[in-house]
Amino acid sequence: MKGLGELERTVMEVLWDRDNGATAREVGRALADDRDLAHTTVMTVLDRLAKKGFLVREREGRAWRYRPVATKEAYVAELMLGALNMTGDRDAALAHFARSVSGDEADLLRRALDEVEGT
């Protein structure tokens with residue numbers, strides 16, 4: 001999965017936080033406290049994200065409503081798998097990762113693996 005630039009991530013955060021997606025105007029308003037972005041900039045970023053496959057859009061009156069294709073958790077999992085695929089030794093990378101997580105995170109991983117294995 002492709003990575004996101006800083007502004008793209010910021011826009012995606014807004015959309016991941018909304019169950020019904022958002023229009024460009026709504027995204028711009030959500031970002032207004034942190035960034036002074038032109039409406040055309042927000043529209044361009046949303047269009048780019050749709051072309052990259054991160055968003056779907058549907059007509060809502062004269063505007064487009066944008067919704068994420070996947071959850072934030074699914075996106076992060078894809079990034080993690082991509083990073084794992086970049087290693088020359090997946091086993092060593094996984095072992096290093098497992099040693100670096102907290103006890104609670106290790107328990108969560110064990111439960112998830114048990115679910116996958118059906119036990």
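**View 1. By class, the lining of the second largest pocket has 6 nonpolar, 2 polar and 2 charged residues.** Here Ala, Val, Leu, Ile, Met, Phe, Trp, Tyr, Cys and Pro count as nonpolar, Asp, Glu, Lys and Arg as charged, and the others, Gly among them, as polar. The model is predicted, and for that reason local features need pLDDT of at least 70 and side-chain atom pairs count only at pLDDT 80 or more, whereas totals for chains, interfaces and linings use all residues. Residues are numbered from 1 along each chain as its sequence is written, and side-chain values use heavy atoms, with hydrogens and water left out. The residues that line the second largest pocket are T23, A24, R25, H39, M43, L46, R62, A63, W64 and Y66. Two or more of the lining residues of the second largest pocket come from each of α2 (24-31), α3 (39-51) and β3 (63-68), where helices (H or I, at least four residues) and strands (E, at least two) are DSSP runs numbered from the N terminus. The second largest pocket holds about 190 Å³ of space. A pocket is an open set of points on a 1 Å grid over the protein atoms alone, where a 1.4 Å probe fits, with protein on both sides within 12 Å along at least five of seven lines, and lining residues have an atom within 4 Å of a point. Grid points are joined across faces, edges and corners, and the volume is the space filled by probe spheres set on the points.

**View 2. The largest pocket, with a volume of about 320 Å³, has a lining of 11 nonpolar, no polar and no charged residues.** A77, M80, L81, A83, L84, A93, L94, F97, A98, L109 and L113 make up the lining of the largest pocket. For the largest pocket, the elements that contribute two or more lining residues are α4 (72-86), α5 (90-100) and α6 (103-117). Helix α4 provides the largest share of this lining, with 5 residues.

**View 3. A nonpolar patch on the surface is formed by V76, M80, F97 and L109.** Together, these four residues of the patch have about 320 Å² of accessible area, as given by the Shrake-Rupley method with a 1.4 Å probe. Such a patch takes residues with over 30% relative accessible area and no salt bridge, and joins nonpolar side chains (Val, Leu, Ile, Met, Phe, Trp, Tyr) within 5 Å.

**View 4. R35 and E6 are joined by a salt bridge between distant parts of the chain.** A salt bridge is a side-chain nitrogen of Lys or Arg within 4 Å of a carboxyl oxygen of Asp or Glu, and by this rule the model has 10 salt bridges. The N to O distance in the pair of R35 and E6 is 2.8 Å. R35 belongs to the loop between α2 and α3, whereas E6 belongs to helix α1 (residues 6-16), 29 residues apart. R35 is partly exposed because its relative accessible area is 26%, whereas E6, at 54% relative accessibility, counts as exposed.

**View 5. E8 has salt bridges with both R48 and K52.** The side chains of R48 and E8 meet at 3.4 Å, N to O. Because R48 lies in helix α3 and E8 in helix α1, the pair ties together parts that are 40 residues apart in sequence. R48, with a relative accessible area of 37%, is partly exposed, whereas E8 counts as buried because its relative accessibility is 4%. In the salt bridge of K52 with E8, the closest N and O atoms are 2.9 Å apart. Because K52 lies in the loop between α3 and β2 (55-60) and E8 in helix α1, this pair ties together parts 44 residues apart in sequence. K52 is partly exposed, with a relative accessible area of 30%. Through shared partners, the salt bridges join E8, R48 and K52 into one network.

**View 6. V56 and R57 both have their place in strand β2.** V56 counts as partly exposed at 44% relative accessibility, and R57 counts as partly exposed at 38% relative accessibility. V56 and N20 are 36 residues apart in sequence, and their C-alpha atoms are 12 Å apart in space. R57 and G21 are 36 residues apart along the chain, with a separation of 9.0 Å between their C-alpha atoms.

Key:
Patches are made of residues with over 30% relative accessible area and no salt bridge: like charges are joined within 9 Å, nonpolar side chains (Val, Leu, Ile, Met, Phe, Trp, Tyr) within 5 Å. Buried means under 20% relative accessible area, exposed over 50%, partly exposed in between (1.4 Å probe, protein chains only).
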